[in-house]
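Trainee: Could you walk me through this model before I set anything up with it?
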Amino acid sequence: MAATEVSEVVHAPPPSRRRRSRSLSTYLLLSPGVVVLLAFFVAPLYYVFLFSTGQRYQGVTKAAAFINGELTSFSWDRWSELLDSDVTVKALGASPSMPLWVLGLLAVALLAGALRGGRLPRYGRSVMVGSLVVLVVPFLTLPVGSSVARVVEITSENSSITLFFRSVSTSLTVSVVAVLMAFPVAYYLAFCRGKSKYTWLVIVIAPFLTSYLLRVLAFKVILTDDGLVNTALFDSGLRSDGNQVEWLLYTQFTVLLVLLYAWVPFVTLPIFVALENMDRRLLEAATDLGASRLRAFAKITLPIAAPGIVAAFLFVFIPTIGEFVTPQLVGGSKGYLFGSAIADDFGQNSDWQSGAVLALFLMGVVLVLTGATSRFLRATGGGT
Amino acid sequence: MSSPGSTVAVSKNGRRLLTGWFVFFLIFLYLPSVILLIFSFNSGTIPVFPLQSFTTKWYSEAWNDVELRDAFVRSIKVGIGTSVVATALGIITAYPLARRRFRGRNAMTAFALVPLVVPPVVVAVALLMLFRKGPHPIPLSLWTVLAGHVVISLPYCILLLVPRIASIDVRLEEAAQDLGASSFTTFRRVILPLITPAILSSFLIAFVVSIDEYAISSFLAANSVTYPVYLFGQIRQAEHLPPMIPVATVMLVVSFVLVMLAEIIRRRGDRRVGLAP
C-alpha cells in the first residue's frame with residue numbers, strides 16, 4: 001500500500017487536487033448505497049423506535065388510539081413493561097426471581113468474561129471457560145419425546161419473555177449441535193481431500209441456498225404420522241400399526257431438527273476457511289517435537305479454528321433467534337417462538353407498539369452479541 | 001506415520017471415521033430432497049407411504065394452477081429487480097470500499113453489512129411501519145417487497161464484490177490512468193471486465209435470496225403474494241400439499257443448478273485474476 005501511494009505522488013504533479021477529486025468521487029460513489037440504506041433500513045428502524053415509545057400509534061386519531069389502549073404520547077412504558085417484568089430462573093431446585101434487566105446485565109457480564117476473561121493476569125482461563133459454560137450450558141435443550149429437558153428453565157409472567165428464552169435455548173442448541181456436526185466435515189474436507197475439496201464444499205453448501213420452505217416441506221413429508229419414519233418403524237416391526245411416534249411433528253423437537261437441517265450446511269463454510277488457512281507446517285513441527293496427533297489437535301488446530309467456530313456459531317444463532325416460519329409450519333402450538341410473538345403482534349394481535357418493543361429488543365440482543373464477537377467474524381473474512 | 005492414507009492431521013482410522021461421517025452428513029442433507037422428488041411422481045392424494053402408482057398429474061396440476069403461476073411470475077419479477085438493483089448498488093459501493101482509503105471506511109463497511117445481522121422479521125416489520133404509518137404512506141405492493149429485498153441482499157453482493165475488486169492488481173488501473181484514461185473509462189474498461197464473473201454471481205445470489213424470501217414478502221406484499229408466501233399458505237393444509245411437491249422439486253433442481261453455475265463462474269473469475277481456485 002505504501003508503494004502505491006509513493007507511485008501516485010510521483011505520477012501526479014499536483015497531488016492535493018487529485019487526492020481531493022478522488023475523495024469527492026469516493027463519496028459520490030457511496031451515496032446511492034447510503035441513500036437506499038437510510039431510506040429502507042435506518043428510517044424504518046427509527047419508526048419502530050417511534051412506535052415503541054408511543055410517539056406513533058395505529059389508531060387513525062389520537063382518541064381512537066387511546067380507546068384501543070395504545071400509548072399516545074412519548075413514554076417508556078412499553079419498554080419498562082418488558083424490562084421490569086419478573087423472570088424466574090428454575091435451576092438445581094432453587095427458583096430465584098429477578099427483573100429481566102438484571103438477568104440481562106448478568107448475561108453481558110458473562111459474555112465479557114467469556115470473550116475477555118482470558119486476558120486476566122490470574123485465573124484467566126478458568127474465568128473464560130467458566131463464563132462460557134454458565135452462559136451456554138443452561139440453555140442447551142434435550143428433546144425428550146414431546147417435551148424438552150433443560151438444565152435451567154427460565155419462565156416469566158410476561159409470555160413474550162418466556163418465548164424469548166425458549167428462542168434463545170432453541171437457537172443455542174441448534175447452533176452448538178450444528179457446529180459439532182459440521183466440524184468433522186470441514187476437517188475432513190480441509191485435510192483429507194485433495195483438489196476436489198472445493199467441489200465437495202459447494203455440494204455441502206448448495207442445499208443451504210435452495211428454498212428453505214421446500215426443505216421444511218420435505219421434513220413434513222418425512223415426519224407425519226404416516227411419514228417415512230413411522231412407516232419404517234411399522235415395517236420393521238418396532239412399532240405396531242396405528243401406534244406411531246406422535247412427537248415427530250408439531251413439537252419443539254421438530255423445530256430443533258428442521259432448524260438444524262436448514263442451517264448445518266452453511267456452518268461448514270467458516271470452519272473450513274479457518275482450517276484451510278492454517279499453516280500445515282505447524283502440525284508437522286508439533287509431531288516432530290513429539291506431540292501426539294490428539295495433542296497437536298488440541299493445542300494447535302483447535303485454537304486456530306476457534307474464530308471460524310465462533311463465526312459459524314453466530315451464522316446460525318443470529319438468523320434462527322428471530323425465526324417464526326419454521327415454528328408455524330412444523331412446530332404447532334408447542335413450538336411457538338419469540339419470532340412468532342413478534343409476527344403475531346403485527347398480524348392477528350395487531351399490537352404494533354408491543355411488537356415494536358419486542359423487535360427492537362431482539363435486534364439489540366443480536367447487535368450486542370455481534371458487536372462483542374465481531375473480531376471473530378472479521379478473522380474469517382466473513383465480516384469485512 | 002507413513003501408513004497409507006495417514007497424514008500429520010489424521011490417522012488412518014480417523015480418516016475412515018471422518019469419511020463415514022461425511023457420507024452420513026451428505027445423506028442427511030440430500031435425503032429429504034430425494035424424498036420430495038419421489039413423492040412428486042406418486043399418485044396418492046396425501047404424501048404418505050406406501051407409494052402408489054407413477055403419475056405426472058401433480059406436475060400438470062401445478063402447471064395449471066393460475067394463482068401459483070401468478071405468484072411465481074411476481075417472484076421472478078421481484079427477483080430480477082432485486083438482483084439488478086442490489087448488484088448495481090453493490091458495485092458502486094464495493095468499489096470505493098475495496099480501493100479507496102477514506103475516513104469512515106470501516107464504519108461504512110459495517111453500515112453496509114449490518115442488515116445481514118438483523119433478523120429478517122425485524123426488517124420486515126420495520127418496513128411495514130414506515131410504509132403504512134410513515135410521513136408518506138406508500139401502498140403495499142411488489143415495489144415495497146423489492147425495497148426490502150434490496151436491503152437484505154445488498155450485503156451479500158458487497159461481500160462477494162469487495163474481495164474480487166481488491167484482488168485486481170492496482171498497477172492495471174494506474175497504467176490505464178497514466179495512458180490518459182479517465183476514472184470512468186478505467187472503471188469501465190479495466191475493472192468491469194475483470195469483475196464480470198463476480199457481478200454474475202452477485203446477480204445470482206441476490207436472485208436466490210429474493211426468490212426464497214418469506215418474512216419480508218409476507219408482511220409487505222399485501223395482495224400480490226409472491227411464490228414463497230403462496231407456498232407457505234398451501235403447505236399448511238395437508239390437502240393442498242401434493243401439487244406443491246412438484247413445484248418444490250423443480251425449484252430445488254433449478255436453484256441447485258443456479259448455485260452450481262454461480263460457483264463455476266466465480267471460480268473461472270478467480271482464475272482470470274490469477275488466484276488459486
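Predicted model: local features only at pLDDT ≥ 70, side-chain atom pairs only at ≥ 80, totals over all residues.

Trainee: What are the spans of chain A along its principal axes?
Mentor: The C-alpha trace of chain A spans about 75 × 65 × 50 Å along those axes, and of the 384 residues in chain A, 51% are buried, meaning under 20% relative accessible area with a 1.4 Å probe and protein chains only, whereas exposed is over 50% and partly exposed lies in between.

Trainee: Switching to chain B, is B:Val23 buried or partly exposed?
Mentor: B:Val23 has a relative accessible area of 44%, so B:Val23 counts as partly exposed, and B:Val23 sits in helix α1 (residues 12-39) of chain B, helices being DSSP runs of H or I with at least four residues, numbered from the N terminus.

Trainee: And how far apart are the end C-alpha atoms of helix α3 of chain B?
Mentor: They are 49 Å apart, which agrees with the 50 Å that its 34 residues (66-99) should span at 1.5 Å a residue, where the expected span is 1.5 Å times one less than the number of residues.

Trainee: How many disulfides are there over all chains?
Mentor: The search of the whole structure finds 0, a disulfide being a pair of cysteine sulfur atoms within 2.5 Å. A:Cys192 is buried at 7% relative accessible area, and B:Cys157 is buried at 1%.

Conventions. Residues numbered from 1 in each chain as written. Chains lettered and ligands numbered in written order. Heavy atoms only, no water. Helix = DSSP H or I, 4+ residues; strand = E, 2+ residues; numbered from the N terminus.
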